[in-house]
Amino acid sequence: MSMKSTSIVSLFEDPHNRRSCVYSVVPAVSALFLILFFGAAFISPKYELKIEALPIPKFNKCQKCKPDGSEALPEGIVAKTSNLQMRPLWGFPKSDNSSFSLFAIAAGIKQSDLVDKMVTKFLSSNFSVMLFHYDGVVDQWKTFEWCDRVIHVSAANQTKWWFAKRFLHPDIVAEYSYIFLWDEDLGVEDFNPQKYVSIVKSEGLEISQPALDPAKSEVHHQITARSQRSIVHRRTYKPGLCDKNSTAPPCTGWIEMMAPVFSRAAWRCVWYLIQNDLIHAWGLDMQLGYCAQGDRTKNVGVVDAEYVVHYGRPTLGVPEKKICWKSVLALKQKI
């Protein structure tokens with residue numbers, strides 16, 4: 001054994017030296033423990049505070065993400081939305097006639113008298129207009145002055161919901177504040193589109209419809225009938241069924257599907273709600289509350305100040321006979 005090894009062993013065998021070594025280590029360990037203990041007391045609160053201060057994630061966390069398929073393009077060239085404004089073949093439009101709302105309607109040539117009045121009124125109010133020709137007839141509309149100023153889409157024996165699902169994607173109509181998606185058998189003599197939009201904005205209605213004139217209309221649901229004592233109503237009262245405490249359709253938060261009007265945000269939701277195989281939309285009205293952007297008892301309503309007439313004409317190939325609405329309503333209850 002070498003001299004160095006012998007000296008180290010003898011150092012630890014000497015009780016005096018061993019006691020001195022232990023005494024020198026204990027203060028160092030104690031000091032380290034105190035530093036860690038009190039240091040953690042100061043560091044931990046700051047760390048926890050930072051965690052609590054983190055913002056709550058939003059549903060739309062990716063504000064600047066590019067749409068799928070556009071990743072290779074420069075950010076400034078990506079066009080995420082569109083509209084239904086027609087453009088001249090050459091040059092620029094003579095004037096800025098940008099529309100702020102869209103009127104889309106299922107139109108058959110047999111109802112051309114009513115459609116003509118509606119289209120004329122909405123065009124004069126600076127709406128974009130789109131006709132869904134469910135009977136396949138397009139050329140016969142050329143006799144109307146406004147024919148070349150509207151969008152025509154034709155598919156035989158399809159309902160407006162089939163057209164809307166395929167041609168009114170939220171990104172296509174994102175520039176419009178309101179989407180009017182109406183049936184063709186409505187009278188608009190007492191209806192002003194601009195005043196209607198003004199009312200729904202001021203009332204905060206995300207989903208709405210014009211009231212029906214009860215003296216001239218075929219009314220299927222009490223809540224849609226016009227009240228002459230209000231500008232807007234959001235609920236109806238019926239003994240044993242609907243009272244002031246009702247919170248669900250058909251007492252409140254409900255409209256019919258013949259003349260719905262959707263805000264931009266509501267339509268983005270409703271478009272996803274519409275199923276690909278949806279035909280007559282029976283039962284869809286009961287689910288619109290999901291898209292009310294909040295409390296449906298407040299954000300869904302019927303506008304009394306601007307009302308229409310529902311003539312109840314047979315359309316979409318329905319035989320020239322009265323529809324049995326009792327059977328229809330019974331079917332809706334099962335959906």
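This is a predicted model: local features need pLDDT of at least 70, side-chain atom pairs count only at pLDDT 80 or more; totals for chains, interfaces and linings use all residues.
Visitor: Which residues line the largest cavity?

Guide: A search of the whole structure finds one cavity of 30 Å³ or more, and the largest cavity has a volume of about 40 Å³. The residues that line the largest cavity are Pro170, Val173, Ala174, Tyr176, Ile179, Arg264, Trp267 and Arg268.

Visitor: Which element gives the most to the largest nonpolar core?

Guide: The largest nonpolar core has 37 residues, and Met130, Leu168 and Trp267 are those with the most contacts inside it. The elements that give two or more residues to this core include strand S1 (101-106), strand S2 (128-133), helix H4 (160-167), strand S4 (178-182) and helix H6 (264-273). With four residues, the element that gives the most to this core is H6.

Visitor: Leaving aside residues up to four places away in sequence, which residues does Leu168 touch?

Guide: Leu168 is among the residues with the most contacts inside the largest nonpolar core. Once residues up to four places away in sequence are left out, Leu168 touches Leu84, Leu102, Ala104, Met130, Phe132, Phe163, Val173, Leu181, Trp267 and Trp271.

Visitor: How many residues does the second, separate core have?

Guide: Besides the largest nonpolar core, which has 37 residues, there is a second, separate core that includes Leu186, Ile199, Val261 and Val308. The size of this second core is 36 residues.

Visitor: Why is S4 largely enclosed by the rest of the structure?

Guide: From S4, Tyr178, Phe180 and Trp182 point one way, whereas Ile179 and Leu181 point the other way, and all are buried. S4 is therefore largely enclosed by the rest of the structure, the number of its residues that are buried being five of the five.

Visitor: Which residue stands opposite Phe180 in S8?

Guide: S4 runs parallel to S1, to which five bridges join it, and within this pairing Ser101 has Tyr178 of S4 as its bridge partner. With strand S8 (residues 261-263), S4 pairs in the antiparallel sense over three bridges. The residue of S8 that stands opposite Phe180 is Val261.

Visitor: Of the contacts in the protein with a separation of 6 or more, what percentage comes from residues 24 or more positions apart?

Guide: The protein has eight helices and nine strands, and 38% of its 335 residues count as buried. Among contacts with a separation of 6 or more, the share that residues 24 or more positions apart account for is 74%.

Methods
Residues are numbered from 1 along each chain as its sequence is written. Side-chain values use heavy atoms; hydrogens and water are left out. Buried means under 20% relative accessible area, exposed over 50%, partly exposed in between (1.4 Å probe, protein chains only). Contact means heavy atoms within 4.5 Å. A nonpolar core is a set of buried Ala, Val, Leu, Ile, Met, Phe, Trp, Tyr and Cys residues joined through side-chain atoms within 4.5 Å. Two strands pair if DSSP finds at least two bridges between them. On a 1 Å grid over the protein atoms alone, a cavity is a set of points where a 1.4 Å probe fits but cannot get out, and a pocket is an open set with protein on both sides within 12 Å along at least five of seven lines; lining residues have an atom within 4 Å of a point. Grid points are joined across faces, edges and corners, and a volume is the space filled by probe spheres set on the points.
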